[in-house]
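Thank you all for coming; I would like to take you through one chain this morning, starting with the terms and then going from the overall picture to single residues. Please have a look at the sequence and the model before I go on.

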Amino acid sequence: MATDPLVRRQWNEAKASCGRGWQLLRHRGPGQVQFWFIALAIGIAAGTAALLFRKAIEGLQTALYGTEDVNLLASFAETLPWYLVLLIPVAGGLVVGLIVHFFTPDGRVRAVADVIEGAALYNGRVERKAGIASVLASWITLSTGGSSGREGPVVHMAAMISSWVSNLIRADGITGRDLLGCAVAAAVSASFNAPIAGALFALEVVLRHFALHAFAPIVVASAAGTVINRLAFGDVTEFRLPGTTVVEFYLELPAFLLLGLVCGLVAVITMRGIFWADDLGSRLQRRLSLPNLLRPATAGLLLGALAIWFPHIIGVGYETTSRALTGDLILYEAIVFAVLKVMAVAITFAGRMGGGIFSPALMIGALTGMAFGLIATGLFPDQSGASTLYALAGMGAVAAAVLGAPISTTLIVFELTGDWQTGLAVMVSVSLSTSLASRLVDRSFFLTQLERRNVHLAAGPQAYLLRMFRVSGVMRKMQDLPPEDLEACGEMVAQGLFVNATSTLDVVLPLFDTSGRPFLPVVEIHGVEKRPVLQGALFHLDALKAYNRALAATAAEEHS
């Protein structure tokens, strides 16, 4: 019995130690070695999910089209009856329409832009129900002829895994975002066998910072995703390239500068074409009173009709990309295929069918570079190397401009091809293309998508942080107000000058400038008559303090 107090004290100390460890993991996880094991587990899970998604696409494509090698789907589709090439995308569109109609609130397929939004505004969390429906819809789309890529659904699927883990351990915003980065890095690495680019993609595109505290766990997860890929496919690159010569390569650097500008314009045309097609589809849908669930099927009909004559637009398009990178195209084919691929991608996205933009951007870039290279080498044959080098640089330049990610895209091009000798040509083209495109759109395809939904992330934290604060969380309640302030609030409410408790600070702060008041009454709207009921007051100083604390916390996270 004498040992009972000692045992109790040791037990309490053990519980307290566990509690401190748990809090440390939740709030300072990325800096702790224990967190790396969670990153490893998430990396394995996200990598496995990406691998299974790729296998599922290949399996369904094989079943529907009857091809034994899905990498040669475009060539095989030329031998199929025309009605099969036409009807398979239509059937896929019908299934996609049913999925998004019944399982998403807005009929929109989730992808990378939603993951970026989740990282910035929702503590690294994304939607689960709509996300699962989006993965299924994208699987059907990519398997039945949709002209998009698999990285969009794969990234969102990985984000759902990290969101589940974050909710399970009740992770705060910093830890939740870093778990999200781990999952995304592993998914990209497993999809493309690109561990370096996977890690940098998560930092550059999704988290949009290169904080040191996040680097180690993200690299661990990315390596895990790569191991998953290599266990299934071996240590092979996606594309194989012919060699080039060093002397001609250096003499051609001015041509690669010009190629970068051309690719930047092509990237802008591609992005604006997608958004224009989406707006046109919405207008036609309203004018024709077309149900939402038939919109993907209509897009499938257009894609099927196009694929009858040009089957290279089907799916991811790796076969055509490989042909461009190996010089197995003539000038006419490269130009026509690039134009038609842009059209097919615009139709797919306008039809709300799902999928990603990265793989189509690689194909469009390779075709653009190939066409440019054929012209350049034809005009200056004595000072030119292989046209395939232009295809490689163009592939990176268009994709980087579309993603707004020059670093990770440059590296993923190297890892996809295994060619590190032509780095200067790729970097020169990528730098020019991204510089040009970022001035003509909102920095990238994903951020422009969000901007079109009134989610302002392109301008940085100072533009979007105010949306994270609701008036109800910053206001002073009525019991905390002196009588003279309560009286002033009542007078302002009678004059119609008040703010809603559910509003966010980005809407409310401009009212302080226009009204010139140090505080504004906060109300809730009740009844059918929409009568404002006073709840408290929002002081300008309190709102600015909350904003300043959020900016300081963001800066601390990004520079830690």
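Two remarks on the source. This is a predicted model, in which local features need pLDDT of at least 70 and side-chain atom pairs count only at pLDDT 80 or more, while totals for chains, interfaces and linings use all residues. Residues are numbered from 1 along each chain as its sequence is written, and side-chain values use heavy atoms, with hydrogens and water left out.

Now the overall picture. The chain holds 25 helices and four strands. Its radius of gyration is 27 Å, close to the 24 Å that the globule rule gives for 560 residues, so the chain is as compact as a globular protein of that length; here the radius is taken over C-alpha atoms, and the rule is 2.2 Å times the number of residues to the power 0.38. Along the principal axes, the C-alpha trace spans about 85 × 75 × 50 Å.

How much of the chain is buried? Of the 560 residues, 55% are buried, where buried means under 20% relative accessible area, exposed means over 50%, and partly exposed is what lies in between, with a 1.4 Å probe and protein chains only. The accessible surface comes to about 24,300 Å², and 64% of that belongs to carbon and sulfur atoms; these areas come from the Shrake-Rupley method with a 1.4 Å probe, and for residues only the protein chains shown count as cover.

As for contacts, by which I mean heavy atoms within 4.5 Å, residues 24 or more positions apart account for 78% of those in the chain with a separation of 6 or more. On charge, there are 40 positive and 40 negative side chains, and the centres of the two sets lie 7 Å apart. In that count Lys and Arg are positive and Asp and Glu negative, with His and the chain ends not counted, and each charge is placed at NZ of Lys, CZ of Arg, CG of Asp or CD of Glu.

Let me turn to one helix. Helix α7, residues 151-169, has 19 residues and reaches 27 Å from its first C-alpha to its last, close to the 27 Å expected at 1.5 Å a residue, the expected span being 1.5 Å times one less than the number of residues. This helix is mostly covered, with 15 of its 19 residues buried. Directly after α7 comes R170, with a positive phi near 55°.

Positive phi values bring me to two loop residues. S289, in the loop between α12 (253-288) and α13 (295-309), is not a glycine and yet has a phi near 55°; it is exposed, at 60% relative accessible area. R352, which lies in the loop between α15 (331-350) and α16 (358-379), is likewise not a glycine and has a positive phi of about 55°, but R352 counts as partly exposed, at 24% relative accessibility.

Where is T320, and what does it touch? T320 belongs to helix α14 (residues 318-325) and is buried, with a relative accessible area of 3%. Setting aside neighbours within four places in sequence, T320 is in contact with H312, L329, F337, M363 and L367.

Finally, back to the loop between α20 and α21. N454 counts as exposed at 53% relative accessibility, whereas V455, found in that loop, is buried at 5%. Not counting residues up to four places away in sequence, V455 touches E117, L121, L450 and R467. V455 and E415, 40 residues apart in sequence, are 33 Å apart from C-alpha to C-alpha.
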